Amino acid sequence: LMAPRISVVIDNYNYGRFLEEALDSILEQGVPPEIIVADDGSTDESRDILKAYAGRGVRALLQENQGQATAFNNGLAAATGDVVCLLDSDDVFLPGKLKAVLEAFKDPKVVCVQHFLHDTDAKLTPVPRRFPNWPARYTLDDYVAGRTEFTATSGLAFRRETLKKLLPIPKDLFYYLDDFLTAHALFFGEIANIPEVLGLHRMHGDNWCAGGLENPAKIERDFVDRANYGAHRDRWLKEK
C-alpha cells in the first residue's frame with residue numbers, strides 16, 4: 001500500500017524572518033509532503049522568500065490581508081494530501097515529525113493527531129514548560145467531561161476527509177482557531193496523542209499570545225473569542 005500523501009499548510013503574515021526555518025524544517029523531514037503557504041498580505045520579505053522556494057515544491061497562496069482564519073481556510077481548502085499538518089510560520093517541526101504523524105493515522109478511528117510542542121525564545125532556545133499527562137487517545141466523552149488538553153496549532157494534523165466537515169473556520173475566532181478544529185474533530189472520531197516533542201513553538205514578543213495578560217485589548221479580545229468559541233461548541237453539542 002502507498003503511504004498516504006501528507007500536506008503541510010503554513011499561515012504567514014510578515015514573519016519573513018522566520019519563514020525559511022519553518023520551510024527548511026519541513027523539507028528536511030525525509031517524507032516528501034505537499035507544502036502550501038497561505039500568505040495573508042505580507043509586506044516584508046516573505047513573498048520574495050516564497051518565490052525562492054517555489055522551485056523546491058513550495059506553493060504560495062497570496063491574498064490581501066484578511067486575517068488568519070481566512071488564510072488557513074484558503075490553505076486548507078487547497079491541500080490535497082490524505083493527512084494535513086498545520087504549521088505557524090514562526091514555528092518549526094523537529095526531525096521525524098511527519099513519520100510519527102503518519103504512523104498514528106494508521107488507526108482508522110483517528111481523525112486528528114497532536115503532539116507536544118516545546119516553547120522556545122526567538123532563537124529557538126527551549127524555555128521551561130509543563131507537558132500534560134496525555135492518554136493514548138481522546139474521545140468526545142473526554143472533551144465533554146473536561147479532561148482534554150490540546151496542543152497549539154503547529155502540533156496538529158487532521159485527516160483531510162475530516163477537515164472538510166470542520167471547515168470553514170469562522171472569522172469571528174482569533175485565539176481559538178486550533179481549539180475550534182481540534183475539539184470539533186472529536187465529534188467525528190478520536191484524537192491520537194503523541195507524548196513526544198516533535199515541534200518548537202517560538203515565543204518572540206510579536207506573537208499575539210505573548211504578553212496577553214498585560215494587554216487590556218488582548219484580554220478583551222480573549223473574552224469575545226471565548227464567547228464565540230463557546231457558542232460554536234454549544235451548537236455542535238446540540239446537533240450531536
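**Exercise 1. Packing of H1 and H2**

Task: In this predicted model, at what angle do helix H1 and helix H2 pack, and how far apart are their axes?

Solution:
1. Two packed helices are described by an angle and a distance, both taken between their axes.
2. H1 covers residues 16-27 and H2 covers residues 46-53; the angle is about 25° and the axes lie 9 Å apart.
3. Angles under 35 degrees count as roughly parallel, and H1 and H2 are therefore roughly parallel to each other.
4. The H1 and H2 crossing is right-handed.
5. On the H1 side, the contact is made by Gly-16, Leu-19, Glu-20, Leu-23, Asp-24 and Leu-27. H2 contributes Ser-46, Ile-49, Leu-50 and Tyr-53.
6. By class, the residues of this H1 and H2 contact are six nonpolar, two polar and two charged.

**Exercise 2. The setting of Thr-162**

Task: Is Thr-162 buried or exposed?

Solution:
1. Thr-162 sits in helix H6, which spans residues 160-166.
2. Its relative accessible area is 4%.
3. Buried means under 20%, so Thr-162 is buried.
4. With neighbours within four places in sequence left aside, Thr-162 is in contact with Val-111, Ala-185 and Phe-188.

**Exercise 3. The chain as a whole**

Task: How many helices and strands does the chain have, and what percentage of its residues count as buried?

Solution:
1. The chain contains eight helices and nine strands.
2. Of its 240 residues, 54% count as buried.
3. The accessible surface of the chain is about 11500 Å², with 53% belonging to carbon and sulfur atoms.
4. Among contacts with a separation of 6 or more, 75% are between residues 24 or more positions apart.

Key. Residues numbered from 1 in each chain as written. Predicted model: local features only at pLDDT ≥ 70, side-chain atom pairs only at ≥ 80, totals over all residues. Heavy atoms only, no water. Axes fitted to C-alpha atoms, helices over the stretch in contact; angles between N-to-C directions. Helix = DSSP H or I, 4+ residues; strand = E, 2+ residues; numbered from the N terminus. Parallel < 35°, antiparallel > 145°, perpendicular 65-115°, else oblique. Left-handed = near helix turned anticlockwise from the far one by under 90°. Contact = heavy atoms within 4.5 Å. Nonpolar A, V, L, I, M, F, W, Y, C, P; charged D, E, K, R; others polar. Buried < 20%, exposed > 50% of the residue type's maximum accessible area, 1.4 Å probe, protein only. Areas by Shrake-Rupley, 256 points an atom, 1.4 Å probe, with all protein chains shown as cover.
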